[in-house]
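Here are a few friendly notes to read alongside the model. Take them in any order once you have it open.

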Amino acid sequence: LRKGDVTAEEAIRHADHLPKKLLIDGAWVDAQSGKTMPVVDPRTEEVVLRVAEGDKADVDAAVAAARKAFDHGPWPRMSAKERGRVMYRLADLMERDREELAQLETLDNGKPIFFSRAADVPLSFDHLRYYAGWADKIQGKTIPVDGPYWAYTLHEPLGVVGQIIPWNFPLLMAAWKIAPALACGNTIVLKTAEQTPLTAMKLGQLALEAGLPPGVLNIISGYGPTAGAALVGNPGVDKIAFTGSTEVGRKIAGQVAQSLKPCTLELGGKSPVVVCKDVDIDKAVADTHFALFFNHGQCCAAGSRLYVHEAIYDEFIEKAVKAATTRRVGDPFGDVDQGPQVDQDQYNKILEYIDHGKNEGATLQCGGKARAGKGYYVEPTVFTDVKDSMKISREEIFGPVQCISKWSKMDEDSLKISREEIFGPVQCISKWSKMDEVIQRANNNAYGLAAGVFSNNIDEVNTLSRGIKSGTVWVNCYNLYDSAVPFGGYKDSGLGREKGEYALSNYTQVKAVYQPLVNPAW
Ligand code: ADP
């Protein structure tokens, strides 16, 4: 993989060649209003180009195209193997154009080109391949029943699915959404995030080149309250899948509930990471640094509440601060670890949270402000002595702000019976009460998306992994996103699971068919 060897100008040239329009019924069209919206380069805060701004009329046209493609087109009717082959072709084309996709992603989102190349793009085409393989393996059951009958089930596609995605992993979120929906034979209207429309446009071009029939994948760039809300409210849509903030997810769930459409939601997080005292400190520091700072903290699963055992707390902090201060922040087309945040809103929001942290009495160890000059750059920030009640510990910051607190302070083995050898029939169970306390603190939060456990003790690992209420637990690692493994949230972090075999049920419905047996003896 090449690092930092490309200029933004090259990426802008690729962007200039994109259609910059809406993909409806297999054709690139302007918004019916004629409106366009800006694409801002987060490095310079300047508008690099404009793309069509879709709204209700365009969404309605896209839903009508998807409806026609589902009700009358070949996609749900062709052999499942052939659907898989089209998806494999799309994955191959994404791989062929991987460098262009990576550059577009970095230009649009501000993430370092190294990560676009190493993570976003390969994970995306892998996702298409993974679900291409599922296309011909989606099958029901035969069921023995009472009387002269038998029954079987069909796993049928839902129809037209409306999918709304965020800006933090634009191409990957598009892949997570479209791949299982396509494998199951649905047709799609995808609404991209207003900050990051570019890679989905390239994806749309490649989908047509791969032979996806017109109307199967429609792509609308536009704003949430207009285009997004229109998609959610369109009665021609059979299912909504959303990834984004809990606030918007709640609104969408309310709207969808009235129409009784199925809805999957992948929402925010405030993921706890528990570091036990027997760990290799250097490795745990490196892994927990990655857990939070990967993608500039703009991950719904970011390890944003770090509980470090008091026995190693001081050494851990010293090393965590060193990791943060040596983080290379700069132009994402260069050889850096961190580029700018995605836009002005996110940048302002993160700086506000940093102020809250300072005002609420957490100890600022490093960073704590924006980088001088143009671009939405925020210094890698570490707060320690963070209390669970503080805003920075409760709410999702979505930025490079690490919040560390000490655990086991309150339940130190202060009792004599716990410290000294009794040599009698006296059982002391304090070890597990300590665990209980950190589990309670980890769970004392509205979110439940992911968690990290760092320990070399199998009992601690098991207790923490099972005790923490979250959709994913990473043990002695973090931020693994294999296509085959489900991902989604407990509590306010969402509804349903994406990825893996589990996601197929989001895009199918089960039909039970009874048939008579003329001669039940056979
Ligand atoms: P973030 O805070 O990470 O930007 P949002 O939840 O605001 O997350 O946005 C995620 C996606 O949801 C984007 O595509 C955005 O345009 C869309 N969106 C925002 N508001 C609405 C809404 N009211 N209805 C439908 N989609 C929306």
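**Notes on the predicted model**

1. In helix H1 (residues 8–16), the buried residues are Ala-8, Ala-11 and Ala-15. They lie on the same side of H1, because they span an arc of only 60° around the axis, taken from the directions from the helix axis to the C-beta atoms. An α-helix has 3.6 residues a turn, so residues three or four places apart point the same way. Buried means 20 or more other C-beta atoms within 10 Å of a residue's own, and exposed means 12 or fewer, with C-beta atoms placed from the backbone.

2. Glu-9, Arg-13 and Asp-16 are exposed on the other side of H1. The cover over the buried residues of H1 includes strand E4 (46–52), helix H4 (98–109) and helix H7 (198–210); contact here means C-beta atoms within 7 Å.

3. A word on the source: this is a predicted model, in which local features need pLDDT of at least 70, side-chain atom pairs count only at pLDDT 80 or more, and totals for chains, interfaces and linings use all residues. Residues are numbered from 1 along each chain as its sequence is written.

4. Around the ligand there are 17 residues, the closest being Gly-224, Gly-228, Gly-244, Ser-245 and Val-248; near means a C-beta atom within 6 Å. Helix H8 (224–233) gives the largest share of this shell, 5 residues, and helix H9 (246–259) also supplies at least two.

5. Strands E5, E6 and E22 form an open antiparallel sheet in the order E5-E6-E22, where pairing takes at least two DSSP bridges. Strand E6 (residues 149–157) and E22 pair over 9 bridges, and Glu-156 stands opposite Gln-509 in E22.

Methods
Helices (H or I, at least four residues) and strands (E, at least two) are DSSP runs, numbered from the N terminus. Two residues are in contact if their C-beta atoms, placed from the backbone, lie within 7 Å.
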